[in-house]
Amino acid sequence: MEPVIDQACAAALYAEGDAALDTGASLLAAAPEADDALHRRGEEFVRRAWERGWHPADLVRFVRLELDERRAVLAATLIAAETARYGELPPRWRAQLAELPGAAPRNKPDRFGYASDLLELYRLLLRLPAIEPVGPVPGTAADHLHRPPAPGEPRMLTRIRALLAKAEATGFPEEAEALTSKAQELMARHSIDEALIAARTRSTETPGACRIGVEPPYESAKAILLDAVASANRCQAVWNGDLGFSTVVGFEADLEAVELLFTSLLVQGTAAMTRAEAGQRASGRKRTKTFRQSFLMAYAQRLGSRLADTTERATAAADMDTDTETGAGTAEGTSGLLPVLAARDVAVTETAERMFPRTTTTRVRGATDLDGWNHGTEAADRARMGDHRKGPHGGPRDGEIMA
């Protein structure tokens with residue numbers, strides 16, 4: 001059946017326009033015996049995406065942005081089939097695969113429409129750009145960017161996720177603050193402990209990276225929020241607006257903290273924005289888009305300031321604790337903690353610069369709605385993030401992000 005597939009692909013994938021897609025889809029619709037070979041060809045295209053640096057969540061997100069949800073489900077179906085052949089996958093791959101949409105039924109709503117959707121998806125897959133790798137391709141040896149979780153870590157992460165989920169769901173601000181503060185306490189202690197243990201054991205661990213979706217609408221405000229969370233956790237975030245994600249570079253424990261905290265704060269911010277917007281509509285206001293944009297910009301920038309302040313306080317407290325435990329500190333702060341953290345900052349910066357040698361600092365569009373800005377600032381002041389940790393490492397100014 002390969003000749004039929006080759007003919008259909010030649011007609012549809014290497015030419016522009018709907019007419020070429022229609023020609024290819026007609027050939028496939030008339031050849032039901034070629035269905036299996038058609039899907040194997042799609043799995044081959046997915047495999048090429050892995051070799052270009054893409055991960056499952058990146059691929060589905062991009063298909064959704066460029067095409068639609070229907071084709072995104074088809075992509076997820078191909079991804080599930082392609083990755084099923086590997087005996088072992090990196091932890092983040094397993095987590096991403098678990099969140100994929102369910103498999104799409106074949107030849108629905110009809111053979112021609114289904115073939116047309118597949119060919120349009122294949123056309124997009126063939127034109128994917130190469131992006132910076134953040135881990136090994138399945139079936140190959142792990143490289144320096146892949147780090148498996150430390151022993152006992154999954155249980156800790158499960159507890160933190162449970163605390164943040166309760167904080168997001170509760171209708172009582174005091175309870176949410178207590179829950180999130182406890183989650184932050186666990187993350188902060190774990191991260192500092194990891195840094196000190198790595199230094200004492202002369203660990204050869206190096207920074208890794210992960211990608212986090214930053215999707216429309218209001219993606220610039222979301223990217224600023226993620227950048228603030230990353231900076232506070234001794235990571236660096238680089239936003240790719242065209243592809244709908246930011247790449248976060250840092251040590252594994254810190255990357256996990258960034259993923260969890262960003263998701264939680266975004267959920268809290270969206271809920272607060274919805275409540276504030278309902279109040280504005282009740283008073284007769286109709287400028288929804290500008291209100292939301294300004295709200296989320298203020299929320300992101302205000303949280304950035306809060307994270308920077310609480311980071312300094314948490315670092316000072318941890319440094320004093322280290323002095324007390326070791327007796328090595330002086331009035332000038334010469335304990336072992338600050339040099340360890342500084343060395344990790346340098347390692348993260350060097351890794352980020354190696355991965356992204358040509359980044360630029362981009363100034364995003366400012367807020368234009370005073371009510372949205374004020375409500376967003378108030379929501380940021382109420383956000384439950386608890387005491388943060390570690391010192392700032394000199395990220396971009398407010399309103400700027402690395403891209």
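**Figure 1. The buried residues of helix α2 in the predicted model.** Ala20, Leu21, Gly24, Ala25 and Leu28 are the buried residues of α2. Viewed along the axis of α2, these buried residues fall within an arc of 130°, so they line one face of the helix. Helix α2 comprises 12 residues, 18-29. From its first C-alpha to its last, α2 reaches 16 Å, close to the 16 Å expected at 1.5 Å a residue. The structure shown here and in the following views is a predicted model.

**Figure 2. Strand β3 and its covered faces.** Strand β3 spans residues 245-250, and six of its six residues are buried. In a regular strand the side chains alternate between the two faces of the sheet. In β3, one side carries Phe245, Thr247 and Val249, and the other carries Ser246, Val248 and Gly250.

**Figure 3. Pairing of β1 with β3.** Strands β1 and β3 are antiparallel and are paired over six bridges. Alanine 209 has valine 249 of β3 as its bridge partner. For cysteine 210, the bridge partner in β3 is valine 248. Strand β1, residues 208-213, is mostly covered, with five of its six residues buried.

Figure 4. Strand β2, residues 236-240, runs antiparallel to β3 and is joined to it by five bridges. Alanine 237 is placed opposite valine 248 of β3, and tryptophan 239 is placed opposite serine 246 of β3. Valine 248 is also the bridge partner of cysteine 210. Four residues lie between the strands of the hairpin, and glycine 244 adopts a positive phi near 80° in this hairpin.

**Figure 5. Two arginines with positive phi.** Most residues other than glycine have a negative phi, and most peptide bonds are trans. Arginine 202, which is not a glycine, has a positive phi of about 55°. Arginine 202 belongs to the loop between α9 and β1. With a relative accessibility of 74%, arginine 202 is classed as exposed. Arginine 234 likewise has a positive phi, near 55°. The loop between α10 and β2 contains arginine 234. Arginine 234 has a relative accessibility of 7% and is therefore classed as buried, the limit being under 20%.

Figure 6. Lysine 108 and proline 109 are joined by a cis peptide bond, with omega about 5°. Proline 109 is located in the loop between α6 (91-98) and α7 (111-126). A cis peptide bond also leads from proline 216 to proline 217, where omega is near 0°. Proline 217 is located in the loop between β1 and α10.

Figure 7. Helix α10, residues 219-232, includes alanine 221. The relative accessible area of alanine 221 is 2%, and this residue is buried. Between alanine 221 and alanine 298 the C-alpha to C-alpha distance is 8.4 Å, across a sequence separation of 77 residues. Alanine 230 is also part of α10. Its relative accessibility is 0%, and alanine 230 counts as buried. The C-alpha atoms of alanine 230 and aspartate 254 are 8.3 Å apart, with the two residues separated by 24 residues along the chain.

**Figure 8. The largest cavity and its lining.** The model has five cavities of 30 Å³ or more, and the largest holds about 50 Å³ of space. Its lining consists of 10 residues, with Met156, Met187, His190, Ala253 and Ala257 lying nearest the centre. Helices α8 (153-169), α9 (173-200) and α11 (252-282) are the elements that give two or more residues to this lining. Helix α11 contributes the largest share, four residues. By residue class, the lining of the largest cavity contains seven nonpolar, one polar and two charged residues.

Key. Residues are numbered from 1 along each chain as its sequence is written. This is a predicted model: local features need pLDDT of at least 70, side-chain atom pairs count only at pLDDT 80 or more; totals for chains, interfaces and linings use all residues. Side-chain values use heavy atoms; hydrogens and water are left out. On a 1 Å grid over the protein atoms alone, a cavity is a set of points where a 1.4 Å probe fits but cannot get out, and a pocket is an open set with protein on both sides within 12 Å along at least five of seven lines; lining residues have an atom within 4 Å of a point. Grid points are joined across faces, edges and corners, and a volume is the space filled by probe spheres set on the points. Ala, Val, Leu, Ile, Met, Phe, Trp, Tyr, Cys and Pro count as nonpolar, Asp, Glu, Lys and Arg as charged, and the others, Gly among them, as polar. Two strands pair if DSSP finds at least two bridges between them. The expected span of a helix is 1.5 Å times one less than its number of residues. Buried means under 20% relative accessible area, exposed over 50%, partly exposed in between (1.4 Å probe, protein chains only). The arc is that of the directions from the helix axis to the C-beta atoms.
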